[in-house]
Amino acid sequence: MTAFIIRRLLIAVPVLFLASVFTFFLVINSGDPLENLRAKPGISPQVIKNEEVRLGLDKPFVERYTNWAGDFVRGDLGTDMKNRPVWPQLWSAIKYTLRLVLIAELIAISIGLMIGIVSGVRQYSGFDYSTTFVSFLFFSLPVFWFANLLKVFGAIKFNDWLENPGISLAFAVVITAFLGGSFYLIGRKRERLRLAKPGAGLKWGGVSLGVTALVMLSAFFYFKNREYGRFVKTLGSEPRDLSDSFASRLWSYVGHGVLPVIVLFTISYAGYSRYMRASMLEQLSADHVRTARAKGLSETRVIMRHAFRNALIPIATIATLSWGGLIAGAVITERVFAWNGMGDFFLDSLSNPTPDPNRLLAFVMITATFTILFNIVADIIYAVLDPRIRLG
Amino acid sequence: MTETLLQVRDLAVDFPTDDGVVRAVRGVSFDLRRGEVLGIVGESGCGKSVTNLAIMGLLPKTAQVSGSVRIGMEEIVGRYPNEMRDIRGKRIAMIFQDPMTSLNPVYTVGWQLVETIRAHRKTKKAEARSRAVDLLRLVGIPNPEDRFDSYPHEFSGGMRQRVVIAMAIANDPEVLIADEPTTALDVTVQAQILDTLQRIRRETGTAIIFITHDLGVLAGIADRLLVMYAGRVVESGGIEEVFDDPQMPYTIGLLGAIPGEDSHGRRLNQIKGAPPSLMRVQDACQFAPRCPLAVAACTASEPAPVAPSMIHGVACHRAAEIAAMSDKRSIFQREEVV
Amino acid sequence: MSTIVGSHDTEFAIEVRSQWRTIVRRFFRHRLAMVSLIVLSLIFFASIFGKYIWRFDYMERDTANLSQPPSWTHPFGTDSLGKDMLALTLRGAQRSILIALVVSILSTTIGVTLGAIAGYFRGWTDAVIMRITDLLLTIPLLILAGCISWQFDGGGSWWLLSLLLGVLSWQGTARIVRGEFLALREKEFVEAARAIGVRDRRIIFRHVLPNALGPIIVSATLSIAGAILVETALSYLGLGVKAPDSSLGLLVSDYQAAFQTRPWLFWFPGIFIIVICLGVNFVGDGLRDAFDPKQTRVRS
């Protein structure tokens with residue numbers, strides 16, 4: 001295991017090296033960082049000259065690169081255009097983004113896998129068709145547009161409601177009828193498949209009708225004459241007032257994070273659910289699953305211990321692929337919700353007002369490093385899941 | 001007559017597809033008696049595997065099964081999957097064709113064996129383990145104690161098939177279905193596996209349905225034989241009767257395709273053409289287009305299916321004439337120019 | 001030597017349905033894919049010929065109708081300058097679709113070529129190409145493209161952006177094609193071709209490539225949707241298409257502030273992106289089903 005990790009890290013070195021040369025070349029050629037300074041009236045040539053020396057603009061490409069790379073290897077990411085060290089800024093950005101990305105990813109994996117299993121097992125059912133449609137919708141969703149949409153409906157309108165909560169009677173009736181009706185249909189279906197006792201449809205439908213009616217009725221009275229603050233935040237990444245109690249701060253974190261997490265969730269959920277479905281379908285038609293059935297195992301055991309367990313193996317590689325999409329998604333999401341994460345850091349470095357070479361390089365290198373690390377982690381998970389693979 | 005374990009009557013399986021209904025099995029009937037080895041032979045796609053998957057209830061949900069399959073007194077057709085659990089693996093077990101894929105690659109063989117045992121018996125893990133080791137020994141795996149914790153990929157094909165057999169006999173099934181258990185193996189390994197199956201039959205008295213497309217394999221092991229073609233049984237009978245006195249041209253052709261002592265220096269017979277599509281089945285003998293003896297009657301109606309009560313049954317309009325022929329093999333002989 | 005006489009070849013003639021006809025037939029039966037194809041063609045032609053058919057030009061200001069919600073005259077409403085939103089959306093869609101098509105063609109060409117070379121020749125060629133692929137995969141496309149494209153001058157540079165995105169987004173296709181080639185090169189017909197001395201280039205293009213066409217067509221189709229999303233995102237961030245040129249992403253960015261007061265300005269460009277991508281994805285799905293010989297959809 002250790003040998004494997006060390007070998008993989010060694011392989012990562014040339015990739016990182018190439019990535020850095022590549023980005024260095026890109027960044028160096030992405031415009032003149034001193035454009036604005038030069039345009040300013042009354043700036044003496046000496047000031048510009050000094051800046052050029054400080055930023056190394058007067059030196060040839062190779063020398064600039066080796067200077068930068070030498071610092072990088074020693075863990076020094078240099079200073080930005082305004083002469084502030086890059087690392088502290090980047091580190092605070094990474095914390096925000098990682099928190100956002102990891103939470104969204106965890107939720108996406110758990111829900112995606114669950115939905116994938118069920119739609120694989122119930123291929124071509126109503127459930128399968130609807131989840132497939134949702135996945136395709138998420139695949140086709142422009143992040144920036146969806147984020148803005150959420151901002152209005154998930155935050156502003158929802159907060160309006162929270163300020164003056166209450167549900168109309170019509171709403172309660174519609175929800176009750178809908179839930180009761182769908183449980184009736186589910187019960188009927190299971191009855192027909194002999195998975196439930198006769199009469200299950202009416203029983204389930206009636207019970208859920210009653211329960212929902214009760215919940216709705218109590219909600220109706222509960223929400224009357226109540227008031228909540230504007231809970232869901234549309235801007236910023238954390239509570240401004242840190243003196244509050246732990247619970248209220250935590251609550252505030254949730255309020256800040258919920259919408260960005262939903263946006264990032266939609267980015268990777270679709271991939272997980274689709275791949276899990278495909279992987280499940282493949283396993284369910286595999287010979288060893290037929291053997292498991294022929295052994296007389298229960299269907300649950302066949303699905304979970306045999307089909308699902310094996311279907312997980314290829315999913316490990318998907319997890320790494322979604323990282324790039326998540327970072328790209330985070331760039332957009334953070335812009336819409338004004339988080340000070342890596343996306344913000346990146347966009348800032350690009351055009352503030354001219355590109356900031358050290359910041360950009362630091363950003364790309366960190367992103368690449370994370371990609372490589374996640375790849376290694378995925379390979380380890382892969383090997384843990386599949387005894388046929390031996391690390392070493 | 002010994003007790004009938006498994007009774008199949010008018011079993012039919014249809015698969016609806018985009019292009020139409022495939023009638024994979026069309027009215028198959030047979031009996032399996034205690035301790036008997038029944039060979040089922042036929043080309044690929046003749047319905048022999050589908051018949052047995054139907055018995056196990058392992059067909060995909062889209063398959064439409066009709067007719068009757070009884071194990072003892074219990075009817076299997078029409079059961080829902082969760083009602084099949086007490087039968088599968090316990091009363092009827094199955095060995096599949098490809099040992100490379102029929103074991104789960106992520107669990108050790110011991111784990112899979114113990115799982116099989118504990119699916120039907122409430123036993124402690126340690127007990128199940130020792131039973132599993134005994135089973136591995138029974139099927140001829142050397143050092144079963146050590147191999148218990150090996151993964152399937154650490155076994156050779158023949159050894160894996162032994163594991164599959166061990167899993168199949170773990171709960172002393174009354175019926176063991178072996179679906180081409182030797183096809184994917186080397187010839188030498190084939191013989192060992194056949195040996196193992198013979199021994200199991202001797203030691204446990206389980207009845208075996210042995211599916212193959214290789215008549216030669218059956219000669220040493222089967223008591224009775226069913227020949228299937230295009231979803232039907234076209235000839236059935238004791239192994240010697242069928243081998244010595246085949247009466248359906250298709251069987252004659254199959255037998256002629258096996259090299260024998262007298263075939264030295266001669267071209268082996270072959271049945272020309274391919275099996276018919278089971279999509280649009282006409283009321284005619286399905287073998288007629290490939291049959292050198294076909295007459296007008298053969299394309300006018302399909303012969304009555306073979307009844308399981310017959311000692312030697314044939315589904316052929318010209319069975320009587322063929323029975324009287326002296327050199328049956330000559331009907332497939334090719335004219336040769338030397 | 002013996003020869004067989006009296007063999008009736010006609011006996012062996014089984015009705016073989018041509019492979020392509022089967023594929024087309026399977027695709028036509030995929031109802032969602034067919035609907036998507038129709039909708040996509042409608043949007044495509046409307047966006048290209050829209051300016052000749054539609055009564056308003058995207059630059060034209062209908063000063064009598066400022067900030068109007070959707071109506072018969074202006075089905076998508078107007079903005080605060082009186083510009084017709086339908087004309088603007090069609091114009092944006094035209095750019096976005098054009099860019100996506102160029103990106104898809106370019107990335108598929110590069111991806112197929114590199115993937116084929118890597119998968120066919122294996123060895124160090126493969127290693128080099130795959131390392132380049134890995135390298136490009138370590139940096140998200142949006143970041144890479146953003147680094148380069150933000151400095152493009154406004155206007156006329158949509159083709160530069162398409163070129164850039166095309167050159168940077170071939171990795172997925174390359175991997176798929178490489179996988180196909182690795183599998184196909186071991187097949188008997190390739191060995192047979194090699195045995196009779198067919199040259200590598202001919203084997204690649206005439207023998208292997210046609211057999212890998214299914215996955216290539218599918219991935220080319222799906223890459224259109226990916227390209228639209230990346231381009232609109234870049235344009236939204238101000239790193240892609242810039243004014244006075246137009247793109248669906250740019251429109252969303254321009255009008256997002258108006259969401260609360262004039263929602264139609266925000267809804268339509270976004271819905272256009274979704275409909276186009278959804279349509280492309282469904283067509284891709286239909287193609288995948290049609291090409292996949294394992295799939296025979298049976299509904300119980």
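Two residues are in contact if their C-beta atoms, placed from the backbone, lie within 7 Å. The model is predicted, so local features need pLDDT of at least 70 and side-chain atom pairs count only at pLDDT 80 or more, while totals for chains, interfaces and linings use all residues. Residues are numbered from 1 along each chain as its sequence is written, and chains are lettered from A and ligands numbered from 1 in the order in which they are written.

**Figure 1. The contact between chain C and chain A.** On one side stand 33 residues of chain C, and on the other 36 residues of chain A. Helices H5 (123–138), H6 (141–149), H11 (213–237) and H13 (263–291) of chain C each give two or more residues to the side that touches chain A; helices (H or I, at least four residues) and strands (E, at least two) are DSSP runs, numbered from the N terminus. H13(C) gives the most, with eight residues. By class, this side of chain C has 23 nonpolar, eight polar and two charged residues. Ala, Val, Leu, Ile, Met, Phe, Trp, Tyr, Cys and Pro count as nonpolar, Asp, Glu, Lys and Arg as charged, and the others, Gly among them, as polar.

**Figure 2. Chain A as a whole.** Chain A has 14 helices and zero strands. Its C-alpha atoms fill a box of roughly 90 × 60 × 35 Å along the principal axes. The radius of gyration of chain A is 27 Å, whereas a compact globule of 392 residues would have one near 21 Å; the radius is taken over C-alpha atoms, and the globule rule is 2.2 Å times the number of residues to the power 0.38. Of the 392 residues in chain A, 36% are buried. A residue is buried if 20 or more other C-beta atoms lie within 10 Å of its own, exposed if 12 or fewer, and partly exposed in between, with C-beta atoms placed from the backbone. Among contacts in chain A with a separation of 6 or more, 73% join residues 24 or more positions apart.

**Figure 3. The domains of chain A.** Domain 1 of chain A takes in 1–29 + 84–163 + 232–392, and domain 2 of chain A takes in 166–226; domain bounds come from an automatic or database domain assignment. The centres of domain 1 and domain 2 of chain A, taken over C-alpha atoms, are separated by 35 Å.

**Figure 4. Helix H3 of chain A and the residue after it.** Helix H3 (residues 45–55) of chain A lies largely in the open, because the number buried among its 11 residues is one. A:Gly56 follows H3(A) and has a positive phi, near 75 degrees.

**Figure 5. The surroundings of A:Leu281.** A:Leu281 is found in helix H10 (residues 246–284) of chain A. This residue counts as partly exposed because it has 18 C-beta neighbours inside 10 Å. Leaving aside neighbours within four places in sequence, A:Leu281 is in contact with A:Gly120 and A:Gln123. The C-alpha atoms of A:Leu281 and A:Ala307 are separated by 8.6 Å, and the two residues are 26 residues apart along the chain.

**Figure 6. The open sheet of chain B.** Four strands of chain B form an open sheet with antiparallel pairing, in the order E2-E1-E4-E5; two strands pair if DSSP finds at least two bridges between them. Strand E2 (20–33) and strand E5 (74–75) of chain B are the edge strands, each pairing on one side only. Strand E1 (residues 4–17) of chain B pairs with E2(B) over 11 bridges in the antiparallel sense. E1(B) and E2(B) form a hairpin, with two residues between them. B:Val13 stands opposite B:Val25 in E2(B), and B:Asp14 stands opposite B:Arg23 in E2(B). Helix H1 (residues 48–56) of chain B lies across E1, E2 and strand E4 (64–71) of chain B and runs at about 70 degrees to E2(B). Axes are lines fitted to C-alpha atoms, for helices over the stretch in contact, and angles run from 0 to 180 degrees between N-to-C directions.

**Figure 7. The contact between the two domains of chain B.** The domain assignment gives domain 1 (4–222) and domain 2 (226–333) of chain B. Their C-alpha centres lie 28 Å apart. The contact takes 27 residues from domain 1 of chain B and 22 residues from domain 2 of chain B. E2, strand E3 (37–41) and helix H7 (215–219) of chain B each give two or more residues to the domain 1 side, and E2(B) gives the most, with 11 residues. The residues on this side of domain 1 of chain B divide into 13 nonpolar, eight polar and six charged.
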